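Student: I want to learn to read a fold feature by feature. Can we start with the strands?

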Amino acid sequence: MKAYLDAIKMPTQKSGKPITIVIADDHAMIRDGLRRSLEEAGLKVLGEAKDGMEAVQLVRQLAPDILLLDLLMPGHPGMEALSELHASGEKIHTRIIVLTGNAEPAQVAAALTLGARGLVMKEFATEVLLTAIQAVVDGDGWVGQERVSNLDQYLRTKLPRHVVGAKPFGLTDRELQITSAVVSGRTNKDIASKFDISEDTVKHHLSNIFDKTGVSTRLELAMFAVKHKLPLIDID
């Protein structure tokens, strides 16, 4: 790690203040290793979480610059924490970098769609994490081992959701609209307002969508939509 630290420029903010971090991982040894590495690089670790629920609480309490979020934590996984923060509607300035051992396109797309600004493979964390943090602090994104200047464009071109001939699993146009709104993190109240329908009607549509897709939660629906490349629409 020392050789890596010597070889790169330490992450900084334009203000000159140290970058603040919250680490979320269910393994204490991984959290400890990350904390030591980050603090050696001059970053300030404000707190550690062992699951997604604690991660959400610490983000709200401490407002760190960066949340390093493991996706595969038991009980309350990282993807649920992402979904909760994305759907809350709160003005949270924390930028999220997810850590994962698996970077299948569906998982990458789901994480970025739910608001992550970066994705780092755990096997490469030592080599690229500080560089990824700097990219995200600068306002760019990071996926795998590359800096991404425009994540929306990356999603459209590298991880397309609109596929000619995609089978919508029997979903009606309205149900695809509702699904698109769920993927974008809208609440039932937001969806009802957007499409000028009642919240009970939204719930009825969601029940039908769950039956047709075989999912049981909004998070599973978002993952399903990305994995199966449903023809989603942009929700303004």
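Student: How many bridges join strand β4 to strand β5?

Tutor: Strands of a sheet pair through backbone hydrogen bonds, either parallel or antiparallel. In this predicted model, β4 (residues 95-100) and β5 (residues 118-121) run parallel and are joined by 4 bridges. Take Ile97: its bridge partner in β5 is Gly118.

Student: What is the strand order in the open sheet?

Tutor: β2-β1-β3-β4-β5-β6-β7, which makes 7 strands with mixed pairing. β2 (44-49) and β7 (146-148) are the edge strands, each pairing on one side only. From one strand to the next, the twist averages 25°.

Student: Which strands does helix α2 lie across?

Tutor: Helix α2 (residues 28-40) lies across β1 (20-24), β2, β3 (66-70) and β4. Its direction is at about 170° to β2.

Student: Which residues are buried in helix α4?

Tutor: An α-helix has 3.6 residues a turn, so residues three or four places apart point the same way. In α4 (residues 78-87), the buried residues are Gly78, Met79, Ala81, Leu82 and Leu85. Seen down the axis of α4, they fall within an arc of 160°, so they line one face of the helix.

Student: Where is Ala63 found?

Tutor: In the loop between α3 (52-62) and β3. Ala63 has a positive phi, near 45°, and is not a glycine. Its relative accessible area is 36%, so Ala63 is partly exposed.

Student: And Asp196: buried or exposed?

Tutor: Exposed, at 72% relative accessibility. The cut-off is over 50%. Asp196 is in the loop between α9 (188-195) and α10 (199-213). Its phi is positive too, about 55°, although Asp196 is not a glycine.

Technical notes:
Residues numbered from 1 in each chain as written. Predicted model: local features only at pLDDT ≥ 70, side-chain atom pairs only at ≥ 80, totals over all residues. Heavy atoms only, no water. Pairing = 2+ DSSP bridges. Helix = DSSP H or I, 4+ residues; strand = E, 2+ residues; numbered from the N terminus. Axes fitted to C-alpha atoms, helices over the stretch in contact; angles between N-to-C directions. Contact = heavy atoms within 4.5 Å. Buried < 20%, exposed > 50% of the residue type's maximum accessible area, 1.4 Å probe, protein only. Arc of directions from axis to C-beta.
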